[in-house]
Amino acid sequence: MVEVDLLDFLRKYKQLAKQALGTDAGKPVEGGLARWKHLVIHGYRLEDGHSYRETENRLQCFSELREILELDLNDVPDYSTIYKSFDRFDMTVWRALLRISAEQHPQSGHVALDSTFFERGHASQYYLQRSDRDIQKLKVTTLTDTESLAVLDLQCSIHWKHDVKAGPQVVRRNADDLLSVAADKAFHSWITRFEFYTLDVDPLVLSQGSTPEIVGHNALIRDAGYSQRWMAETSYSSVKRSLGSAVRAHFWYREFREIILKFAV
């Protein structure tokens, strides 16, 4: 596990949070803390593995944290305020934070498309009632730069969408910055390949089957860079070993935000 200097992490995270929020980084019209401060607090909470109540206690105890957050002791938010603020940011903000964090590393334009699973610490009661079953895992489809191992974007699914549906969705959002995408046979369909070509992205996707034509095609795909697909699994391993393979949030929409924040951190 990589050791992280917490204060250096927070200083950098502060810059990225302000970039992700842009002109909305300041205080909301209704008052309260600046929005960027809430984003940094959530990054600190996840990086150090604290609960909401523990996060409030540590902000009160450590002046170095408050200095970076530009907080007076009397301005430290209540743990319930921190909890509620996690809901207030739209998913586009969390995705912007993820993308800006990835852009701190060199971007090759060559990405790996793959899926992984995160355990759910507390099953969402909303989905339990609707589906009448116990959903224990969330499926996450990611786009990982094969040079930097940075995750550029991801798509979460509670109902485990098939890869041929989830894959194009995440590629489509980032097509302008991509040169090629490597993916295994689970992502293969002629519709997917055609869409990638129309997006001007080279699909390094293995075909299913064992005919001589397919075997030859897959050999060419491997030579063209498919072997770099394993980079996605390396990024999964790094995130799960450092921040855990389970999500803590009780509700599905908070779980999605938590997973994006994990990869951003």
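Start at S157: at 9% relative accessibility, S157 counts as buried. Buried here means under 20% relative accessible area, exposed means over 50%, and partly exposed lies in between (1.4 Å probe, protein chains only). The model is predicted, so local features need pLDDT of at least 70 and side-chain atom pairs pLDDT 80 or more, while totals for chains, interfaces and linings use all residues. Residues are numbered from 1 along each chain as its sequence is written, and side-chain values use heavy atoms, with hydrogens and water left out.

**Stop 1: around S157.** Select residues 151-157. This is strand β3, and S157 lies in it. Now show the contacts of S157. Leaving out residues up to four places away in sequence, S157 touches L138, K139 and F256. Contact means heavy atoms within 4.5 Å.

**Stop 2: L154.** Select L154 next. Beyond its neighbours within four places in sequence, L154 is in contact with R95, L98, V140, T141, T142, V170, R173, I259, I260 and F263.

**Stop 3: the cores.** Colour the largest nonpolar core, which has 52 residues. A nonpolar core is a set of buried Ala, Val, Leu, Ile, Met, Phe, Trp, Tyr and Cys residues joined through side-chain atoms within 4.5 Å. W36, W94, L97, L154, I259 and F263 have the most contacts inside this core. Then select residues 6-21: helix α1 gives the core its largest share, 7 residues. Switch to V111, V171, F196 and V205. They are among the 16 residues of a second, separate core.

**Stop 4: T234.** Select residues 230-243 to show helix α11, where T234 is found. T234 counts as partly exposed, at 27% relative accessibility. Draw a distance from T234 to V215: their C-alpha atoms are separated by 27 Å, with the two residues 19 apart along the chain.

**Stop 5: zoom out.** Show the whole protein as a cartoon. There are 12 helices and 6 strands. Helices (H or I, at least four residues) and strands (E, at least two) are DSSP runs, numbered from the N terminus. The radius of gyration is 20 Å, close to the 18 Å that the globule rule gives for 265 residues, so the protein is as compact as a globular protein of that length. The radius is taken over C-alpha atoms, and the rule is 2.2 Å times the number of residues to the power 0.38. Along the principal axes, the C-alpha atoms fill a box of roughly 70 × 45 × 35 Å. Of the 265 residues, 49% count as buried.
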